[in-house]
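Please read it alongside the sequence and the model.

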Amino acid sequence: MDLAKARVAVQGFGNAGSIAARLIEEEGSTVVAVSDSTGGIHNAAGLDVAKVINWKSEHGTVQGFPGATDITNAQVLEVDCDILIPAALENQITSRNASRIKARLVAEAANGPTTPDADEILFKNGVFLIPDILCNAGGVTVSYFEWVQDLNRDHWSELVVNAKLKDIMVTAFAETLQMSTHESVNMRTAAYLLAVKRVADAMEMRGLYP
């Protein structure tokens, strides 16, 4: 997918959602819909993310943003887009609405936004889903970096941190995708398979401990 031509919808406009919207806009994508706890906004021609962030800061809501149509949180999930980023609450994509998801790719920035039944429907409909355990693992990975720096009495620049993070995340994605392709399963199941395999390999290598 060419990000420069991608249309993106983001459900949830807090720390995860607003930053995801800003970063993907910087990649050239067009953010067409966003929402927060009060509701959502939509503009098929695109939203200026920085202006939406300022509007929310001033008014406490994204709704009412000039040039956009107010919609519900549920409607944000179903807008016509290429990438959907659920970054709000769990259990937002369910068996009731999964068949109406128009996005080609769902990237879970929230924890557990998709139910197991919805997973199967999306997979059957050809929607590529990046599961939460992989998609939003950047934060905990950088927390690990902080721990390592503390142990070593070291300090890395933001540039170094981002480079190390990108290396780990890209590798993790590639390994999960390879498992998904090899086993003909969705990405969430592939992530579980990969995790269990790593534990099994470690136990086989070192034995039970203690």
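D82 touches M1, K5, A6, R7, A103, R104 and L105, leaving out residues up to four places away in sequence; contact means heavy atoms within 4.5 Å. This is a predicted model, in which local features need pLDDT of at least 70 and side-chain atom pairs count only at pLDDT 80 or more, while totals for chains, interfaces and linings use all residues. Residues are numbered from 1 along each chain as its sequence is written, and side-chain values use heavy atoms, with hydrogens and water left out.

**Two buried loop residues**

- D82 lies in the loop between α3 (73–77) and β5; helices (H or I, at least four residues) and strands (E, at least two) are DSSP runs, numbered from the N terminus.
- The relative accessible area of D82 is 10%, so D82 is buried (buried means under 20%, exposed over 50% and partly exposed in between, with a 1.4 Å probe and protein chains only).
- The C-alpha atoms of D82 and H182 are separated by 25 Å, and the two residues are 100 apart along the chain.
- T115 sits in the loop between β6 and α4 (116–124) and counts as buried at 14% relative accessibility.
- Apart from neighbours within four places in sequence, T115 is in contact with N91, I93, T94 and S95.

**Positive phi in loops**

- Most residues other than glycine have a negative phi.
- R153, in the loop between α6 and α7, has a positive phi near 50°; R153 is exposed, at 72% relative accessible area.
- S184, in the loop between α7 and α8, also has a positive phi, near 55°, and is exposed with a relative accessible area of 58%.

**Packing of α7 and α8**

- The axes of α7 and α8 are 8 Å apart and the helices pack at an angle of about 105°; axes are lines fitted to C-alpha atoms, for helices over the stretch in contact, and angles run from 0 to 180 degrees between N-to-C directions.
- The two helices α7 and α8 are therefore roughly perpendicular (65 to 115 degrees, with under 35 roughly parallel, over 145 roughly antiparallel and the rest oblique).
- On the α7 side the contact is made by F173, E175, T176, L177, M179, S180 and E183, and on the α8 side by M187, A190, A191, L193, L194, K197 and R198.
- By class, this contact of α7 with α8 has 8 nonpolar, 2 polar and 4 charged residues; Ala, Val, Leu, Ile, Met, Phe, Trp, Tyr, Cys and Pro count as nonpolar, Asp, Glu, Lys and Arg as charged, and the others, Gly among them, as polar.

**Pockets**

- The largest pocket holds about 1300 Å³ of space; a pocket is an open set of points on a 1 Å grid over the protein atoms alone, where a 1.4 Å probe fits, with protein on both sides within 12 Å along at least five of seven lines.
- A volume is the space filled by probe spheres set on the points, which are joined across faces, edges and corners.
- Lining residues have an atom within 4 Å of a point; the largest pocket has 29 of them, and A20, L23, A107, C135 and M169 are the closest to its centre.
- α1 contributes the most to this lining of the largest pocket, with 7 residues.
- The lining of the largest pocket comprises 21 nonpolar, 5 polar and 3 charged residues.
- The second largest pocket has a volume of about 220 Å³ and 13 lining residues, with I133, L134, A172, T176 and R198 nearest its centre.
- α7 gives the largest share of the lining of the second largest pocket, 5 residues.
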